[in-house]
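Q: I've got a new model open and I'd like to learn how to read it feature by feature. Can you walk me through it?

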Amino acid sequence: MEFKKHFLFSVDGRPYSTEHQFLIGEQIKRMAGVPAEFELYLVIPHFQDELIEDNKTVNFARPGVERFESRRPLSNVEILVNGTRVPFDKPQISFDELVDIAYPQHGSKFGFTVSYTDGPEQNPEGRMSKGTVVFIKHKMKFDVTPTKES
């Protein structure tokens, strides 16, 4: 009797298994019933989610359960601004855009401090100043705090 190893993974929170160590993105999407026009991302905690193209090979031999999310291209991306989920469909966000999201009625009496965590590899964490932009990723966290200008 031969024992076959099963590799575990999840797509959009639903568990799956395969006897194959290698699958391409298209096969994973087909197994999970993900529409062909959607994008598939490998979720990597504390790093930028990795886009898995239809012809890209995924090796399931790494320890743990691989987690994937499906998304419409340039949609379903959310950032968290002061704890509130905000849909955002551009690859970068500016300091001014974040201030406008967090404080839409802000006046010129205040300055703002913007810090972020859980960003992509280009800018995993840090602070922003007026005039700067950062790359975003799904579930990236921003804290926008008003400060009194002197």
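Predicted model: local features only at pLDDT ≥ 70, side-chain atom pairs only at ≥ 80, totals over all residues.

Q: How do β11 and β14 run, and how many bridges join them?

A: Strand β11 (residues 110–117) and strand β14 (residues 140–148) run antiparallel, with eight bridges joining them. To find your place on screen, pick Phe110: its bridge partner in β14 is Lys148.

Q: How many helices and strands does the chain have?

A: Two helices and 14 strands.

Q: Now the charged side chains. What's the general idea of a salt bridge?

A: Side chains of opposite charge can pair when their charged atoms come close. The cut-off here is a side-chain nitrogen of Lys or Arg within 4 Å of a carboxyl oxygen of Asp or Glu. By that rule, the count is ten salt bridges.

Q: How far apart are N and O in the salt bridge of Asp49 and Arg71?

A: The N to O distance for Asp49 and Arg71 is 2.5 Å. Asp49 sits in the loop between β4 (39–42) and β5 (50–52), while Arg71 belongs to strand β7 (residues 66–71), so this pair ties together parts that are 22 residues apart in sequence.

Q: Are Asp49 and Arg71 buried or exposed?

A: Both Asp49 and Arg71 are buried. For that label, the relative accessible area has to be under 20%.

Q: Which residues are linked with them in a network of salt bridges?

A: The network links Asp49, Glu69, Arg71 and Lys139.

Q: What about Arg85 and Glu78: how far apart are their closest N and O atoms?

A: In that salt bridge, the closest N and O atoms are 3.9 Å apart. Arg85 has 61% relative accessibility and therefore counts as exposed, while Glu78, at 26%, counts as partly exposed.

Q: Which residue does Asp96 form a salt bridge with?

A: Asp96 pairs with Lys130, and their closest N and O atoms are 2.8 Å apart. Asp96 is in helix α2 (residues 95–102) and Lys130 in the loop between β12 (126–128) and β13 (133–135), so the pair ties together parts that are 34 residues apart in sequence. As for cover, Asp96 is partly exposed at 34% relative accessibility, and Lys130 is exposed, with a relative accessible area of 64%.

Q: Let's zoom out. How does the radius of gyration of the chain sit against that of a compact globule?

A: The chain has 19 Å, whereas a compact globule of 150 residues would be near 15 Å. Look at the spans too: along its principal axes, the C-alpha trace covers about 80 × 30 × 20 Å.

Q: What share of the residues counts as buried?

A: Of the 150 residues, 35% do. The chain exposes about 9600 Å², with carbon and sulfur atoms supplying 52% of that area.

Q: And how much of the contact list comes from residues 24 or more positions apart?

A: Such residues account for 56% of the chain's contacts with a separation of 6 or more.

How values were computed. Residues numbered from 1 in each chain as written. Heavy atoms only, no water. Helix = DSSP H or I, 4+ residues; strand = E, 2+ residues; numbered from the N terminus. Buried < 20%, exposed > 50% of the residue type's maximum accessible area, 1.4 Å probe, protein only. Pairing = 2+ DSSP bridges. Rg over C-alpha atoms; globule rule 2.2 N^0.38 Å. Contact = heavy atoms within 4.5 Å. Areas by Shrake-Rupley, 256 points an atom, 1.4 Å probe, with all protein chains shown as cover.
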